[in-house]
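Subject: Structure handover and findings

Dear colleague,

Please find below the structure that I am handing over to you. My notes on what was found in it follow directly after.

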Amino acid sequence: MRKPANVAVVGLGFGEAFVPIYQAHPGVGKVALVDLSTERLERVGNVYGVEARFTAYEDMLADPAWDAVHILAPVSFHSKYTLAALRAGKHVACAVPMATDLSDIEEIIEAQVASGKQYMMMETSVYAREFRAVENMLHDDTLGELTVYKGVHIQNLDGYPPYWLGFPPMQYITHALSPALKLTGAGVQDVVAYGTGRLDEARIGDSGNPFPTEVGLFRLAGHDLVPEVTMSFFKAARPYIEGFTVYGSKASVEWPVVEKDRPLTYELQDLDPHQADTGLRGRRSHTGELEIDDGTELLPEPLRRFVDRYEVVPADGGIPIWKSAEHGGSHPHLVHEFISSIIDERPPLIGPVTAAEWTAPGICAHESAMNDGLRIAVPQYRSRA
Ligand SMILES: NC(=O)c1ccc[n+]([C@@H]2O[C@H](COP(=O)([O-])OP(=O)(O)OC[C@H]3O[C@@H](n4cnc5c(N)ncnc54)[C@H](O)[C@@H]3O)[C@@H](O)[C@H]2O)c1
C-alpha cells in the first residue's frame, strides 16, 4: 500500500463536515485547512485540532506536503482551483458542479490526463442511502425496465451569499440528474429546456439569468428513458427538496414530498382475471416504504459512524457537538472513494469524464432555456475515458 495521503480541505462552510472524516480515514495522514476567512480557519482548526491552516490557496499548493485537495470554495472557484491543483501535481476532489462552462470541462479533462493525478467530482446524490437502495432494486430486477424519471432540486437561495444571485439553476443540475445517468449508465444526447417564472432585477445580480426555475427534458444516448428535471433557486414556495422519482415497468420509487420521510415504493400486481367489475380497471400496485441502505459495511470501520448523526468532541476542550449526516449519509462514502482511488492508483467512480457527462447537460440546458427551448446537442465525452 502507498503512503497515506495528506489532504487539504478548501472552504470551510460545507467543507467543515469533511474535516473529521478525512482525519478518521486510515489512508489519510495529515489534514490542512484553507479558507479566506481567518475566523473560520481558527474556529474549525481549533474544534478539530488542525494545525496546518492557509488563507491563500496558492501557498498550500506550493507546499509539497499536501498530496490532495478537496475543493469546497464557492462555485466560481471550482474549475480554476481544480486546474491549479492538477497542474501543481495534486489529486483533486471537487464539490459540484465540476464547472459552469463547457470549455472549462474540456480543460479539466486534459489537465487530469496530463497530471497523472486523480480527479473526482464529489456528487453526493449517488452515494446517498436512498440512491443505493434504488440501485439495488434495479440490479435485482425489482424495478424492471426504467420508463419514467423525474429529478427535482428546489432550494430557496434568498439570503445566501451574493454570488448565488441569478445563478442559472440548470448549471447546478448534478444532484437531480446524475441518479438517472448512474442508473442507466447512459450519457445525455440532447436537451430541451425552458425557464419558468421571472427573476426580479434585485435577484438577477450581474448573472444575466432571468429564470428562478428551469425545467428540462434530457434525451439519453442509447437508452429510451427521457429524464425530466426541475431546478429552482428562487420564487418557488416550498421547503428544500433534492431527490428523484423513478418508475419502472415492475416497481417504482417516489421521493417523499417532506424531507426525511421515507420514499414510497409501488410494486405492480398481476392482473386479476376474476377482478369484480367495480369500475376500477388496470393493474393495482402494492405500496410500501423504501428499505434504505447506508452501505456501512462498505466503509473502513473508523468512517462508519459518519453515515448517521455523529458526535464531535472539540479538540480545544469545548462542549461536544452532535452533527447530522447530511446528504443521505454520502460524505464518508465520497471520502473513501476519493482516498481509495489515490491509494489504489485507479480512477475514482466519478472521474473527469463521468463528471463531464453529469455536468455538461445542465450547462446545455441553460443555453436551451436562454434560447426559448432550442434543442441543444450535449458534447460526448466517452471516447476520452
Ligand atoms: N450536496 C452537495 O454536494 C453540496 C452541498 C452544499 C454545498 N455544496 C458546494 O460546496 C461549495 C461550498 O458551499 P458552501 O455552502 O459551503 O459555500 P459558502 O459560501 O457558505 O462557504 C464557502 C467557504 O469558502 C470560503 N471561501 C470563499 N472563497 C474562497 C476562496 N477563494 N478560497 C478559499 N476559501 C474560500 C468562505 O470563506 C467560506 O468559508 C459550493 O460550491 C457548493 O455548491 C455542495
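A residue is called buried here when its relative accessible area is under 20%. The model is a predicted one, and every value below was computed from it.

**Aromatic residues**

By that definition, both Phe 167 and Tyr 172 are buried. These two residues belong to one aromatic cluster, whose members are Tyr 163, Trp 164, Phe 167, Tyr 172 and Phe 233. Across the whole structure, the search returned 15 aromatic pairs. In the pair made by Phe 167 and Tyr 172, the ring centres are 6.2 Å apart and the planes stand at 80°, so the geometry is edge-to-face; planes over 60 degrees apart are assigned to that class.

A tilted pair is formed by Phe 244 and Trp 255, with 5.5 Å from centre to centre and 35° between the planes. Phe 244 is in strand β11 (residues 241–248), whereas Trp 255 is in the loop between β12 (251–254) and β13 (264–268), so this pair ties together parts that are 11 residues apart in sequence. Phe 244 is buried, at 4% relative accessible area, while Trp 255 has 21% relative accessibility and counts as partly exposed.

One charge placed over a ring may also interest you: Lys 30 lies over the face of Trp 66, 5.2 Å from the ring centre.

**The sheet and the helices packed on it**

How many strands form the open sheet, and in what order? There are nine, arranged as β14-β13-β12-β11-β7-β10-β9-β8-β17, with mixed pairing. At the edges are β14 (285–289) and β17 (376–377), each of which pairs on one side only.

Within the sheet, β9 (residues 213–220) pairs with β10 (residues 228–232) in the antiparallel sense, over five bridges. Val 215 is opposite Thr 230 of β10, and Gly 216 has Val 229 as its bridge partner in β10. Strands β8 and β9 also run antiparallel and are joined by eight bridges; there, Val 188 has Leu 220 of β9 as its bridge partner.

Two helices that pack on the sheet are described here. Helix α7 (residues 174–184) touches β7, β8 (188–196), β9, β10 and β11, and its direction makes about 155° with that of β7. Helix α6 (residues 129–139) touches β7 (146–154), β11, β12 and β13, and its direction makes about 10° with that of β11.

Helix α6 is largely enclosed by the rest of the structure, because nine of its 11 residues are buried. After α6 comes Asp 141, which has a positive phi near 65°.

Arg 53 is located in strand β3 (residues 52–54) and is partly exposed, with a relative accessible area of 31%. Setting aside residues up to four places away in sequence, Arg 53 touches Leu 33, Leu 41, Glu 42, Gly 45 and Asn 46. With Asn 46 there is a polar contact between the two side chains, at 2.9 Å. The side chain of Arg 53 also reaches the backbone oxygen of Val 50, at 2.8 Å. Between Arg 53 and Val 229 there are 176 residues in sequence and 40 Å in space, taken from C-alpha to C-alpha.

Is Asn 209 buried or exposed? With a relative accessibility of 1%, Asn 209 counts as buried. Its place is in the loop between α8 (201–204) and β9. A polar atom of the Asn 209 side chain lies 3.0 Å from the backbone oxygen of Phe 211. Beyond the neighbours within four places in sequence, the contacts of Asn 209 are Gly 166, Phe 167, Pro 168, Pro 169, Leu 199, Ile 204, Glu 214, His 366 and Met 370. This list includes Phe 167, which is also a member of the aromatic cluster described above.

With kind regards

Methods: Residues numbered from 1 in each chain as written. Predicted model: local features only at pLDDT ≥ 70, side-chain atom pairs only at ≥ 80, totals over all residues. Heavy atoms only, no water. Phe/Tyr/Trp six-rings, centres within 6.5 Å; stacked < 30°, edge-to-face > 60°. Buried < 20%, exposed > 50% of the residue type's maximum accessible area, 1.4 Å probe, protein only. Helix = DSSP H or I, 4+ residues; strand = E, 2+ residues; numbered from the N terminus. Lys NZ or Arg CZ within 6 Å of the ring centre and 35° of its normal. Contact = heavy atoms within 4.5 Å. Polar contact = N/O pair within 3.5 Å; in protein donor to acceptor, adjacent residues only side chain to side chain. Pairing = 2+ DSSP bridges. Axes fitted to C-alpha atoms, helices over the stretch in contact; angles between N-to-C directions.
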